[in-house]
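Have a look at the structure first, then read on.

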Amino acid sequence: MTVIEPQTGTAFELKKGQWLRVIDLEGEQVADLAAFAREDNSEWLSSGRTIDYANSIYLTTGNILYSNRSRAMFLIVADDVGRHDFLLTPCSPETFRIIYRDKNYHPSCFENLAKNLSGFGIGPDSIPTTLNIFMNVEIGADGKLSILPPRSKAGDAITLRAEMDLIVGLTACSAEMSNNYRFKPIGYEIL
């Protein structure tokens, strides 16, 4: 198992048929995941296509995650939690300035993804809405979003099977509200 330290990220290749297991090591920690087709990084994991085809914002075991070209990128083969977010973008410096009113520098998932994906020729403007693994977002009757503590406990995991060769970016999320106001590591395994 590889450990992503709090408020950092990584990027790696995943071959078709390999499984990616993302583990919440201590509980209540979000991991932002972005993915791109290895053969053409202008094909990326699409929240819009995936939500359309699943007819649900809550994705879990058995759901397929689609690209912007409507091709299967991942199949969720196992999921201990059953609640993840695919609506919100990765936290960024602007997130902390606008939402948190933080005037000081703050690490962000967007920066961690941009830094790590740059080695694969993927620029910041290509980073889409991420699959925010373990993030617990609920929608009120009035359409307002509530960001609640993740439902994940220490050792909970989600396992994704790659349906094509991929470049994957993965973080241990830096947004306080998303992680119940405590930053923790994320583990992952390629099987």
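Does C109 count as buried or exposed? At 0% relative accessibility, C109 is buried, where buried means under 20% relative accessible area, exposed over 50% and partly exposed in between (1.4 Å probe, protein chains only). C91 is buried too, with a relative accessible area of 6%.

How many disulfides are there? The count is zero, a disulfide being a pair of cysteine sulfur atoms within 2.5 Å. The sulfur of C91 has its closest cysteine sulfur in C109, 3.7 Å away, which is too far for a bond.

## About the model

This is a predicted model, in which local features need pLDDT of at least 70 and side-chain atom pairs count only at pLDDT 80 or more, while totals for chains, interfaces and linings use all residues. Residues are numbered from 1 along each chain as its sequence is written, and side-chain values use heavy atoms, leaving out hydrogens and water.

## The largest nonpolar core

A nonpolar core is a set of buried Ala, Val, Leu, Ile, Met, Phe, Trp, Tyr and Cys residues joined through side-chain atoms within 4.5 Å. The largest one here has 31 residues, and V22, L33, F74 and V168 touch the most other members. Among the elements that give it two or more residues are β3 (19-24), β7 (72-79) and β12 (166-171); strands are DSSP runs (E, at least two residues), numbered from the N terminus. The largest share, four residues, comes from β4.

Leaving aside residues up to four places away in sequence, V168 touches residues including F12, L20, L33, F74 and L117, with contact meaning heavy atoms within 4.5 Å. Another core, of nine residues, lies apart from the largest one and includes A11, A34, I127 and I167.
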